[in-house]
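Student: Could we go through the aromatic side chains and the surface of this protein together?
Tutor: Gladly, let's look at it.

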Amino acid sequence: MARPDFFRVVGFSKCITGTLINGFFTSLAFAPELLPLSYLGPLGSFLGNLVDNNSVGLVHLWWFLFGLHVAEAALALRVCTDKGIRGGAVRSLWFLQTVFFGYFSLEMLFDYHPDRPKQK
């Protein structure tokens, strides 16, 4: 039987990794002057060139990736329904966690296999 209150928090290392990557890319798209790109070597040169020549493209890419996270979160709600997770608060937690951490959260939901009632 599925637990209607099944929820797990993303692991600490994945949480830190996701936060740093999302924060870096958000800063790169909206406030690149805050990033010390000169200290990143060839990657910093590449990113600086990208900011100088394609700043509008970076903002569009950021919005596309944000939309992708929202689509993943909608998929998480669908998977919750399919796996018997019915609680509104728990489904909201899955939605928000998937918006912030993307696939790191969604893979935990995919890995959850509720017990099925035995067929007679």
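**Aromatic rings and a surface patch**

Tutor: In this predicted model, one aromatic cluster is formed by F6, F7, W94 and Y112.

Student: How many aromatic pairs does the count come to?
Tutor: Two rings of Phe, Tyr or Trp pair if their centres lie within 6.5 Å. By this rule, the count comes to 7 aromatic pairs.

Student: F6 and Y112 form an aromatic pair; how many residues apart are they?
Tutor: Their rings are stacked, at 3.7 Å centre to centre and 10° between the planes. F6 belongs to the segment before α1 (12–30), while Y112 belongs to the segment after α4 (103–111). The pair thus links distant parts of the chain, 106 residues apart.

Student: Are F6 and Y112 buried or exposed?
Tutor: The label buried calls for under 20% relative accessible area. Both F6 and Y112 are buried.

Student: What kind of aromatic pair do W63 and F66 form?
Tutor: The centres of W63 and F66 are 5.9 Å apart, with 90° between the planes. Planes over 60 degrees apart count as edge-to-face, so the W63 and F66 pair is edge-to-face.

Student: Why are W63 and F66 separated by about one helical turn?
Tutor: Both residues lie in helix α2. They are separated by about one helical turn because they are 3 residues apart in that helix.

Terms used
Residues are numbered from 1 along each chain as its sequence is written. This is a predicted model: local features need pLDDT of at least 70, side-chain atom pairs count only at pLDDT 80 or more; totals for chains, interfaces and linings use all residues. Side-chain values use heavy atoms; hydrogens and water are left out. Rings of Phe, Tyr and Trp (its six-membered ring) pair if their centres lie within 6.5 Å; planes under 30 degrees apart count as stacked, over 60 as edge-to-face and the rest as tilted. Helices (H or I, at least four residues) and strands (E, at least two) are DSSP runs, numbered from the N terminus. Buried means under 20% relative accessible area, exposed over 50%, partly exposed in between (1.4 Å probe, protein chains only).
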